[in-house]
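Good morning. Please look at the screen while I go through one chain.

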Amino acid sequence: MFSNGGFVQLLVKKIYEWKRTEQRRYTLGFFAMGNACSNNLGIPPAKGPHAVGCTDFMMDHTAQGSFFRLYYPCQETEKVEKPDWIPCREYFNGLADFMKINRTLSERIFNYLFGSFKIPAYLDAPIKSTGKCPVVIFSHGLGAFRTLYSAICSELASQGFIVASVEHRDMSASATYYFREKTEEEKASKTLPKPAGSEADSLVKEWMYYRALQHGESEFDLRNKQVKQRANECILALDKLIEINSGTPVQNVLHTQFDWSTLKGSMDLCRIAVIGHSFGGGTVIEALCKEVKFKCGVALDAWMFPINDEVFPRVKQPILFINSEKFQWAGNISRMRKLDSAVIPRKMITIRGTVHQSFPDFTFLTGNWIGKLMKLKGEIDPELAIDLSNKATLAFLQQHLGLEKNFNQWDPLIDGKDENLIPGTNITVPQSAI
């Protein structure tokens, strides 16, 4: 499962194994203390000219509704707080379930290692008027959720984009939630706690956790069904943003301080892209096939297994594949190559010294030793790696969304022209496999 895009699996498993022995408890405490006390650990702040705000949105309280974290250019503020990177304990539980290990122990480990970190964005800060912003829909990887790619999403927002990071309800996330109507018995109960963030007293928060592959079940059938739902959820999030941009009044099921009416007319709906990592990278391809409003896509270390072959010739938009050096294999690259075109721009670069986990935020939140042991860090500095990825992404978006920015200064990166980049791939793919 780890090789198929579940980037948190090895982390939890290794720590859990350590924790089970007395000798290694000291080692874990040493590393964890280093994590908690180091001033060098933390999600790097965005580098663009705009401060970044974020807020959560849920339209339609059911599992079929849309749920995402929105990142956007915001007004400068000192009083607004930054949100926790892991929103609440249920997400720790979800990570534990994903690994089929004890929730209580795992929650303590995760909370100790990562519970103090904040997202580099201001919660519910007022939006900054910067003209019409291009739009990005972001899709997370297997076992992740909406907050775990904040370094990427915040950087895009700081450069003038509005970014919706979708939390998928296909049971590929470690955890997510929705609301259901209370039963009559629950309505009569005075002891039932009121769910935080519910729109009304008639709703109850319902958690949805990762669905493991069942014995004898076809993995392709499950993942193919999921990737189709994921693409539909990306499209649904875009549809909600289009409604919001038009000034249509929307009702956020969650209690937030953000004024959604201020987003009216803020988005450039002729300039929309879709980006994702791992399973989210495969979701990018599926979403491009389904929705022509997406003008281009960026697939970060994409997992191509879940996609039907019939999808490839139906994708007409430009695509940039940004791969890690250590994750890819010939069969996966050969499926990317099925999208090669003599007419439509299709680019691929590989970042030297990177691993699959060089894209999510975990890579910034562990010390060097433990990070490399858990394969959360590669040989390259993680901030340099994400900087190269972000700059190549911005240059590609400028080219194919027709932006009038200065991102073209990074055009050479798209062709792999940097000492830390490989043009194309480091993987040898037999021609017969393409």
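Predicted model: local features only at pLDDT ≥ 70, side-chain atom pairs only at ≥ 80, totals over all residues.

Residues are numbered from 1 along each chain as its sequence is written, and side-chain values use heavy atoms, with hydrogens and water left out.

The protein chain has 12 helices and 12 strands; these are DSSP runs, helices being H or I with at least four residues and strands E with at least two, numbered from the N terminus. Of the 434 residues, 59% are buried, meaning under 20% relative accessible area with a 1.4 Å probe, protein chains only.

Now helix H5, residues 150-158. How many of its nine residues are buried? Nine of the nine are, so H5 is mostly covered. Among them are Ile152, Cys153 and Leu156. Just after H5, Gly160 takes a positive phi of about 105°.

Next, a pair. The axes of H3 (residues 89-99) and H4 (residues 103-114) come within 9 Å and cross at roughly 120°. Axes here are lines fitted to C-alpha atoms over the stretch in contact, and angles run from 0 to 180 degrees between N-to-C directions. H3 and H4 are therefore oblique to each other: under 35 degrees counts as roughly parallel, over 145 as roughly antiparallel, 65 to 115 as roughly perpendicular, and the rest as oblique. Residues in the contact (heavy atoms within 4.5 Å) include Phe92 and Leu95 of H3 and Phe110 of H4.

Definitions and conventions
Buried < 20%, exposed > 50% of the residue type's maximum accessible area, 1.4 Å probe, protein only.
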